[in-house]
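Here are some notes for a first look at this model. Please keep the structure open while reading.

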Amino acid sequence: ALLIAAKAAAALGKIPLCSVLGAENSGLYYAVFPLIGIFVSLSSGGITACMSAAEAAFSSEGKTLSPATVKRVTVFTCGIAAAAASAAAVLAGFVAAAQNIPGAAVLYRAAAPAIIFSAISSVFKGWLLGNKKFVPVAANELLLQIIKSAAGVGGAMLFSGCGGAAPAIAASAAVSLGECAALAALVPRYLHERRAALSARGDTSGKSGGSSAAKSIILKSIPLSAGGLIAPLCCLIESFIVLRLTAGAAAPAAEYGIKEGAVGSLLSLPAAVFHAMSSYFLPLLSEKNRKCSFPTAFSVFVSAGIIFSATYAIMPDSIIAALFPSLSKEFAEKAAFLLAAGAAGCLFGAITHAYATFFHAKGKTWQSTAVRSFAAALRITLAAMLVPYLGIKGSTLAQVIAAAASAAALIFLSLRTGAELKPVRTAVIMPCSAMYCAFLAVFHRICASLPAFAGVALSHLCAAICVASLCAVVFLTRRYAAKRRES
């Protein structure tokens with residue numbers, strides 16, 4: 001729960017930042033991070049998952065990865081990350097010019113050090129997750145998001161009077177500051193947990209694993225890193241398409257800022273929750289009875305996806321009005337439309353994350369990578385076809401269609417690899433989720449006269465109470481009937 005809360009905080013932290021930056025600077029800020037994301041994925045994208053799976057395997061045998069193994073993986077990851085950060089700084093001017101926003105070059109250089117700090121942290125987070133130490137990882141993630149949000153918003157407000165891209169530059173520098181502070185806090189915690197693990201397992205020499213284990217972790221991380229490149233690479237290409245093909249619009253950077261800032265911060269919330277859930281379920285699915293836990297994991301993923309989809313589809317106007325009151329009427333209406341259009345992608349994203357976690361736990365990482373590559377290619381192709389005619393709306397539509405195709409492809413592949421779902425367990429999701437959506441729609445209409453934020457919160461609270469009450473009645477009724485039959 002803490003890990004999910006930490007990932008949710010990462011997405012929610014973008015909301016005040018978008019409000020402070022405004023549409024234009026948000027467009028500059030979010031146009032920078034696809035390239036940064038590419039270099040983060042290239043240097044450490046698969047390290048956390050592979051470290052977690054390797055440590056979980058050793059832990060199930062009463063062992064732990066040796067300090068030498070962790071050191072080798074850390075040195076390798078740090079070297080790749082340093083090269084990636086240097087490349088980001090060198091290519092900044094060229095990429096910014098290609099995106100039609102030359103002023104963003106400084107933002108690239110301000111965020112480049114974050115690549116190194118993030119890469120080193122990924123090694124230690126993977127080890128902690130493999131030992132099921134979720135609280136330290138979640139606490140570190142919360143610290144990271146608090147520093148990034150506070151420093152980003154504070155820096156943007158401090159330099160707001162300077163005009164131009166100064167607020168966006170300050171927000172980019174805050175990302176590097178946050179990653180550095182989070183790493184400084186994570187290392188002592190890792191060392192403490194490692195000493196405790198070696199002492200508890202009676203392996204003070206720390207010789208479990210070795211160079212072969214480090215090599216195995218690095219090799220297994222390659223397909224995951226390749227898979228991690230897909231999303232930011234797709235976003236980078238899409239930024240070229242949107243910013244160039246909408247150059248005739250009144251404010252192309254502002255429209256891009258609305259999509260990636262206001263709407264993107266909301267749509268990234270379910271993605272952050274799904275990512276945290278994947279981190280939680282991956283070590284559990286990696287153990288000997290890995291398939292036994294998959295129906296439960298799938299149920300949790302899909303339940304969360306349906307709730308997010310229903311929320312964004314039913315009340316987009318209220319959500320935008322509550323969180324971004326400073327937007328003009330034109331931009332607010334466009335943001336509400338984009339949010340409602342992107343709502344279906346939340347459910348498809350939940351299914352995709354559930355099956356991708358299953359494949360990663362079984363060591364079949366190439367399947368999910370291939371599917372994500374196909375979905376990314378489809379998204380870029382559709383965006384290039386739709387954006388000239390529909391503008392920024394075409395980009396969102398392409399994103400939803402690609403998400404649906406990705407979920408369908410993973411389901412098809414899973415039928416060949418043993419991802420069995422128990423119909424009785426998974427069928428419970430649908431009526432509960434349908435009831436929640438129905439109650440949410442009803443209470444949203446009832447609370448329409450309330451202030452935007454109060455209406456959204458009260459609608460969810462009432463819907464949750466009604467569904468919980470009905471489920472409790474059904475459970476107690478079945479229990480009473482079972483006792484009557486026994487007597």
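1. Buried means under 20% relative accessible area. Lys259, at 4% relative accessibility, therefore counts as buried. Glu260 counts as buried too, at 18%. The side chains of Lys259 and Glu260 meet in a salt bridge, 2.7 Å from N to O. Salt bridges that share partners join Glu238, Lys259, Glu260 and Arg379 into one network.

2. This is a predicted model. The protein chain has a mean pLDDT of 80, and 88% of its residues reach 70 or more. Confidence is lowest in helix α17 (residues 423-427), with a mean of 51. Where pLDDT is low, the predicted coordinates should not be read in detail. Helix α5 (residues 105-111) has the highest confidence, at 90.

3. Which residue forms a salt bridge with Arg379? The partner is Glu238, with the closest N and O atoms 2.6 Å apart. Arg379 lies in helix α15 and Glu238 in helix α9 (residues 211-245), so the pair ties together parts 141 residues apart in sequence. Both Arg379 and Glu238 are buried.

4. The structure holds six salt bridges. One of them pairs Lys133 with Glu193, at 3.7 Å between the closest N and O atoms. This pair links distant parts of the chain: Lys133 sits in the loop between α6 and α7, and Glu193 in helix α8, 60 residues apart. Lys133 is partly exposed, at 33%, whereas Glu193 is buried, at 8%.

5. Now the surface. Tyr389, Leu390, Leu397 and Ile401 make a nonpolar patch of about 430 Å². Helices α15 and α16 each supply at least two of the patch residues. Leu390, in helix α15, is partly exposed, with a relative accessible area of 44%.

Methods. Residues numbered from 1 in each chain as written. Heavy atoms only, no water. pLDDT = per-residue confidence, 0-100. Helix = DSSP H or I, 4+ residues; strand = E, 2+ residues; numbered from the N terminus. Patch = residues over 30% accessible without salt bridge, like charges linked within 9 Å, V, L, I, M, F, W, Y side chains within 5 Å. Areas by Shrake-Rupley, 256 points an atom, 1.4 Å probe, with all protein chains shown as cover. Salt bridge = Lys/Arg side-chain N within 4 Å of Asp/Glu carboxyl O. Buried < 20%, exposed > 50% of the residue type's maximum accessible area, 1.4 Å probe, protein only.
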